[in-house]
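User: I'd like to learn how to read the features of a structure like this one. Could you walk me through them step by step?

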Amino acid sequence: MKMLIGGQWVDGGSSIDVLNPYDGSVVDTVPRGTTADIDRAITSAVKGFAINRDLPTHKRISILRKAADLMQERFEELAITIASEGSKTIREARKEVGRAINTMTISAEEARRLNGETIPFDSAEGSENRVGYFYRIPIGVIAAITPFNDPLNLVAHKLGPAIAGGNAVVLKPATVTPLSALKLAECLLDAGLPPEILNVVTGNGREIGDALVSDARIRMISFTGGVEAGDHIAHKAGLKKIAMELGSNSPVLVMDDCDLDNAVAACVSGSFWAVGQNCIGVQRLYVQEGIYADFRRAFLTLTGQYKTGFQLDETSDMGPMITESDAERVIEWVDEAREQGATLLAGGTRDGSLVQPTVMENMPPGAKLDCQEIFGPVVTLYPFKTLDEAIDKANSVDYGLHGAIFTNDLKQAFTAIKRLDVGGIIVNDSTDYRVDLMPFGGVKKSGLGREGIKYSLQEMTEPKVVCFNL
Ligand code: NAP
């Protein structure tokens with residue numbers, strides 16, 4: 001596929017092969033964008049901003065609605081693209097396409113609800129004759145940088161609200177999974193989006209990222225990815241708005257009184273969805289000691305039924321890691337933890353990029369798997385006695401995206417809600433629960449700001465005050 005700059009689908013000087021991570025076969029190629037391409041894309045987006053700022057809201061709504069319709073028409077093609085360039089199985093990919101369509105539809109709906117307020121100027125002495133209000137204006141050109149693990153829906157989470165709010169975008173999708181993003185751009189153009197409003201530059205973030213994020217014409221950076229790249233970008237950005245959706249190593253608390261079958265099923269799915277390459281995937285599973293043995297037995301039985309394999313095989317439960325080197329890293333972390341005293345209960349092996357679902361216990365405090373983000377199919381079980389103890393352990397890391405508790409005791413649920421340091425708490429489901437309209441984001445190193453279309457729209461627009469002196 002080609003990249004999209006200035007309304008044209010263009011090639012670059014050289015290209016990048018997009019590989020299927022299962023067998024390394026070439027799915028397609030994309031241009032290796034350069035800093036000159038970034039400059040042209042920003043120049044185009046500046047023009048695009050002038051166009052979108054002046055588009056009536058009903059026009060933006062109809063473009064977003066039509067794009068959602070076109071995605072529905074291309075549903076299976078989009079699912080196959082996600083499952084071919086990335087790690088997700090075809091069944092997981094279909095769920096992502098459904099959610100991405102929903103994200104675009106909600107963006108159209110929220111465009112209509114972008115309201116201001118009247119301001120009570122007369123509450124200040126001397127302003128008795130003033131009346132006025134504020135309304136929301138677009139922020140300008142937004143640099144959107146997206147990761148590989150939800151290559152369609154996380155792009156939709158940036159493009160939908162950015163367009164709804166009247167902005168223009170330069171998008172840089174993940175190098176390993178650019179095809180889903182380019183197909184979303186096709187849907188938007190086919191839906192009638194004036195092309196300068198959306199520019200997509202494919203290419204390596206380390207080569208072209210600085211040129212994008214440090215350019216003064218960019219007024220906001222909306223980044224989803226790892227802490228390391230996020231930190232680098234924040235240092236290069238200069239004076240502009242930054243929204244960061246970063247990683248985590250999500251904790252789940254399973255209390256003695258919970259519905260055990262529900263907890264086991266939800267936690268196995270939450271641990272291994274998308275091969276654990278999931279910012280809200282379950283990584284640390286704290287299980288109260290009264291049910292620890294039963295939970296452990298049932299968890300291992302269900303995990304043992306998981307079938308890893310080719311993503312496009314309808315019977316696969318788990319596909320490959322995104323690259324073989326990521327699979328190697330996962331096994332290295334597991335081996336390192338075992339050398340430090342952790343016990344392997346299941347998995348811990350790989351065949352090329354396929355990693356078996358892995359379960360551990362007796363994890364030593366401070367091991368990488370205990371405090372960093374694995375972003376792979378590895379979960380650790382930890383027994384605990386009291387809720388206070390589990391909450392302290394859950395909070396002992398630098399991350400805080402989602403937390404979860406399984407319990408039928410309201411008091412315990414509310415204690416966890418109040419005391420877990422996270423951006424979202426799920427009661428009686430795993431951390432891996434999200435709908436696209438809720439405010440989504442983390443505390444600590446898990447991020448800055450919130451996504452979820454209504455909330456992204458707030459971040460991507462600014463209030464403009466109007467005051468009449470009568
Ligand atoms: P990543 O390596 O940080 O890459 C994310 C994006 O940043 C890619 O497009 C990448 O480009 C680009 N990038 C890398 N270095 C850059 C630089 N110096 N300047 C500008 N752009 C740069 O993350 P990933 O491996 O794709 O995704 C996994 C991470 O994302 C995990 O930590 C996960 O938790 C997090 N994540 C968070 C959320 C959330 O909503 N909180 C959702 C999904 C994933 P290249 O591909 O060219 O390197």
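User: Which domains does the domain assignment give for the protein chain?

Analyst: Domain bounds here come from an automatic or database domain assignment. For this chain the assignment gives domain 1 (3–246 + 446–469) and domain 2 (250–436). Taken over C-alpha atoms, their centres are separated by 31 Å. Please keep in mind that this is a predicted model: local features need pLDDT of at least 70, side-chain atom pairs count only at pLDDT 80 or more, and totals for chains, interfaces and linings use all residues. Residues are numbered from 1 along each chain as its sequence is written, and side-chain values use heavy atoms, with hydrogens and water left out.

User: How many residues of domain 1 and domain 2 are in contact, and what area do the two bury between them?

Analyst: Contact means heavy atoms within 4.5 Å. By that rule, 33 residues of domain 1 touch 30 residues of domain 2. Buried area is the accessible area (1.4 Å probe) that two parts lose on being put together, summed over both. Here domain 1 and domain 2 bury about 2600 Å², with 53% of it on carbon and sulfur atoms.

User: How many residue pairs are in polar contact between domain 1 and domain 2, and which elements sit on the domain 1 side?

Analyst: A polar contact is a pair of N or O atoms within 3.5 Å; within protein, one must be able to donate a hydrogen and the other to accept it, and residues adjacent in sequence count only if both atoms are side-chain atoms. Between domain 1 and domain 2 there are 19 residue pairs in polar contact, both residues being at pLDDT 80 or more. The elements giving two or more residues to the side of domain 1 that touches domain 2 are α3 (75–85), α4 (90–112) and α5 (153–164). Of these, α4 gives the most, with eight residues. For reading such labels, helices (H or I, at least four residues) and strands (E, at least two) are DSSP runs, numbered from the N terminus.

User: What classes of residue make up the side of domain 1 that touches domain 2?

Analyst: That side has 11 nonpolar, 13 polar and nine charged residues. In this scheme Ala, Val, Leu, Ile, Met, Phe, Trp, Tyr, Cys and Pro count as nonpolar, Asp, Glu, Lys and Arg as charged, and the others, Gly among them, as polar.

User: How many salt bridges does the structure hold, and how many are between domain 1 and domain 2?

Analyst: Side chains of opposite charge can pair when their charged atoms come close. The criterion for a salt bridge is a side-chain nitrogen of Lys or Arg within 4 Å of a carboxyl oxygen of Asp or Glu. The count between domain 1 and domain 2 is three, while the structure holds 28. R91 lies in helix α4 and D317 in the loop between α10 (289–304) and α11 (324–339), so their pairing ties together parts that are 226 residues apart in sequence. The closest N and O atoms of R91 and D317 are 3.1 Å apart.

User: Are R91 and D317 buried, exposed or partly exposed?

Analyst: Buried means under 20% relative accessible area, exposed over 50%, and partly exposed in between (1.4 Å probe, protein chains only). R91 is partly exposed at 38%, and D317 is partly exposed at 25%.

User: Where in the chain do K158 and E451 lie?

Analyst: K158 forms a salt bridge with E451, with the closest N and O atoms 2.5 Å apart. The pair links distant parts of the chain: K158 is in helix α5, and E451 is in the loop between β21 (447–448) and α15 (453–459), 293 residues apart. Both K158 and E451 are buried.

User: What is phi for V275 and for F375?

Analyst: Most residues other than glycine have a negative phi. V275 has a positive phi, near 60 degrees, and F375 has a positive phi near 50 degrees. V275 lies in the loop between α9 (260–272) and β13 (282–288), and is buried at 0% relative accessibility. F375 is in the loop between α12 (368–371) and β18 (378–384), and is buried with a relative accessible area of 18%.
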